[in-house]
Amino acid sequence: MPAPLRHALLVALGLVMLYPLLWMLSSSFKPTDIIFRDPSLWPGAFSFGNYVHGWTALGAPFQKFLLNSAIIAVASVVGNLLSCSLAAYAFARLSFPGKRIMFAAMLATIMLPIHVLIVPRYVLFAQLDWINTYLPLIVPKFLATDAFFVFLMVQFIRSLPTDLDEAARIDGCGHFRIYWRIIMPLCMPALATTAVFTFIWTWNDFFSQLIFLTDKDLYTVPVALRTFLDGQGRSSWGELFAMSIVGLAPIFGFFLAGQRYLTQGIATTGIK
Amino acid sequence: MTRLRFSMVVVAALAISACSSGSSGDSGGPVELRFSWWGNEQRAAATQKALDAFQNANPTIKVKGEYADFNAYFDRIATQVAANDAPDVITMGGVYPREYGGRGALLDLKEVSGQLDLSTLDKAAVSNGNFDNVQYGVPTGVNTYGIVVNPALFQAAGVPLPDDEKWSWADYERIAGEIVAKAPPGTVGSEDPTAPEGIELFSKQLGEGVYSPEGKVAISAGTLTRWFEMTTRMRNSGATPKATVTVEQAALSAPEQTLMGKGTAAMRLEWSNRLTALRTASGKPLQLLRVPGETVNKQAGMWLQASQLYTVNARSAHPQEAAKLINFLVSDPAAGAAIGTDRGIPANKKIRDAIAGSLNEHQKVEVAFITKVSAKVSPALVLGPVGSTDTLQILQRINSDVLFDKIKPADAARRFIDEVSKAIGG
């Protein structure tokens, strides 16, 4: 297929995929009562009313929810980067009794759906008196509980030549220094993938944030957005869409910045 | 893995013992209550006003509200109840109270009757929170299922509005036909009336009802056959829309998308609390009437239904204070003024009268209708047993087969009884 034709086809397909997003963008400029009556993508008149009102409609300015989400997302990124890489180093480079079984158990945790885990987790955190704090959402990230990222980094570290470790050991490095000085710098693509995915997944996470946070002052963007909805036909759709666009901006930026590392990381870790 | 699971079990067991030992409560010192509901920011603001009034009247009790939208709310409640950390006062609705009450998660309100006066509330609405002879919930307000009419279309067709103290289902069928014959093209006499609530009304008037108190199917095949014969005749004469339109409508839920909301149907069976939305959508002064057959059959079929129920967590450490809060919310004028009709038309006549002045014109029509029918409704509603949430889908599926002439009314009746019996395990 000639290149121009292929490009045209890809652009057309891309637009189809983008349609829901474009529809939301256009609806965010329309008054709520015409959103479902007027299906056109180009709003007749641009109005920023939804943004202005939506920003303050939830009883607290929207930047509060953005900040809450940012605290959890950034802390999760730091936690996952440190803890998952440490765990991965151990699985990839150390030999210890029970390693295979523990590795299998770690992988098995990926397969447990959140619905199975949520009640025991809730009981545990309620006993620690952590409900209505960010601790249930952040502390586990510092304990390498995201097995997916551990696995990703194990795969990556295994592909690095062990000659480097051995050279470092001859120069007198212990395990921690090998991990920090040799392995971590070489792991950049995998770390970037972990950072980008952790950020996006945490930013978009609705369920666990809903369950562990019941105080409105602690609400994050996804939980706050749901309070625009109402079962009795008084949903503020326009404001919901406007604030969704606002909430999307940070992940969009994060993805743009990390996109290059992301594809590199995925291509080099054997996860395709 | 096994060790992890084991430790979880231990933690869970600890949690249960810790909670059960702390339930003596009622020491007179400052108490913090948790109160949960579903809804949006407007409801939260109104509720907060009522809670502020409660805290002013009871300085030793502090109430913390927790809310989320409907679906998210019940996900959260399920987790909290399972983990033994549910709020003290829990708002319930639909089939949920029976489900949670049956599992022992809700308090028998007899235990807190000293704080809770149910005698001021409509009896029929209170009975909605009572099953297996235990009172689990207090109604926040009431709705009823009636018939919404568009007087403008009646006028355009030159058909007088029916007298809802006298009319029968035969009149309903005849009037719908007359409207179609005389009104401008594009108008239908009525939307298709087939819905679980519709057949409940129809069969209740004949002394049946869809479910029996023992949790079995009570409606007879003969009654259902008559219903489907009526809807088939109406579709044939054009009094109700074509099958394709009815089936498409069944999949939509927004009031703006119904034929009544678009202003092209003269009659629609509907919940009274949707009147405001339908009036706003159509821009017409829609009215509520009693359904056909209320006075000419064996008994009245309409009932009052609690729009929501306040319940108390069975493991609450402060059940007395929780009951006090509920009592305040449903019978204190300050709470009534703050909440208005947000949770349904108040079931307490005193509150209903007190807020009458502050209602908008749509709400006034709704309140007047509820007041008019309260004295005439059938005594108690038999709540559907566990599994009865499937009835809606079963009925819609069968109705579409009837309207597309795939099965005869008598076969549809038998299939409905078979399938619903299976769904409710009876």
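Modeller: Let me start with the term on which much of this conversation rests: a residue counts as buried if 20 or more other C-beta atoms lie within 10 Å of its own. Everything that follows concerns a predicted model.

Colleague: Why is B:N128 called buried?

Modeller: B:N128 has 26 other C-beta atoms within 10 Å, and the cut-off asks for 20 or more, so B:N128 is classed as buried. The residue lies in the loop between helix 5 (123-127) and strand 4 (130-131) of chain B.

Colleague: Which residues does B:N128 touch, once those up to four places away in sequence are left out?

Modeller: The contacts of B:N128 are B:P139, B:Q305, B:A306, B:L309 and B:L381, where a contact requires C-beta atoms that lie within 7 Å. For the pair B:N128 and B:P139, which are 11 residues apart along the chain, the C-alpha atoms are separated by 7.4 Å; that value is a C-alpha separation, whereas the 7 Å limit applies to C-beta atoms placed from the backbone.

Colleague: Where does B:P139 find its bridge partner?

Modeller: The partner of B:P139 is B:L309, in strand 11 of chain B.

Colleague: What is the strand order of the open sheet of 5 strands in chain B?

Modeller: The order is 2-1-3-11-6, with mixed pairing. Strand 2 (61-68) and strand 6 (137-139) of chain B are called edge strands, each of them pairing on one side only. From one strand to the next, the twist averages 25°.

Colleague: How do you know that strand 7 and strand 8 of chain B pair?

Modeller: Strand 7 (residues 142-149) and strand 8 of chain B share 5 bridges in the antiparallel sense, and since at least two are required, the pairing holds. At one position B:V149 stands opposite B:M267 in strand 8 of chain B. Strand 8 (residues 267-271) is described as mostly covered, with 4 of its 5 residues buried.

Colleague: What makes helix 8 of chain B mostly covered?

Modeller: Of the 10 residues in helix 8 (residues 196-205) of chain B, 8 are buried, among them B:E197, B:I199, B:L201 and B:F202. The cover over these buried residues includes strand 7, helix 9 (221-237) and strand 8 of chain B. Helix 8 of chain B is followed by B:G207, whose phi is positive, near 85°.

Colleague: Is B:A50 buried or exposed?

Modeller: B:A50, which is found in helix 2 (residues 41-57) of chain B, has 22 C-beta neighbours inside 10 Å and therefore counts as buried, given that the cut-off is 20 or more. Leaving out residues up to four places away in sequence, B:A50 touches B:L329, B:A335, B:A338 and B:I339.

Colleague: Why does the radius of gyration of chain B agree with that of a compact globule?

Modeller: For 426 residues, a compact globule would have a radius of gyration near 22 Å, and chain B has 23 Å, so the two agree. The C-alpha atoms of chain B fill a box of roughly 70 × 55 × 40 Å along the principal axes, and buried residues make up 47% of the chain.

Colleague: What makes the span of helix 11 of chain A close to what is expected?

Modeller: Helix 11 (residues 188-204) of chain A has 17 residues and reaches 24 Å from its first C-alpha to its last, while 1.5 Å a residue leads one to expect 24 Å. Its buried residues include A:L191, A:F197, A:F199 and A:W203. Chain A as a whole has 14 helices and 0 strands, and 31% of its 272 residues count as buried.

Colleague: How confident is the predictor in chain B, by mean pLDDT?

Modeller: The mean pLDDT of chain B is 87, with 92% of its residues reaching 70 or more. Over residues 1-27 of chain B, however, pLDDT stays under 50. The model scores ipTM 0.78 and pTM 0.76.

Terms used: Residues numbered from 1 in each chain as written. Chains lettered and ligands numbered in written order. Predicted model: local features only at pLDDT ≥ 70, side-chain atom pairs only at ≥ 80, totals over all residues. Buried ≥ 20, exposed ≤ 12 C-beta atoms within 10 Å, placed from the backbone. Helix = DSSP H or I, 4+ residues; strand = E, 2+ residues; numbered from the N terminus. Contact = placed C-beta atoms within 7 Å. Axes fitted to C-alpha atoms, helices over the stretch in contact; angles between N-to-C directions. Rg over C-alpha atoms; globule rule 2.2 N^0.38 Å. Expected span 1.5 Å × (residues − 1). pLDDT = per-residue confidence, 0-100.
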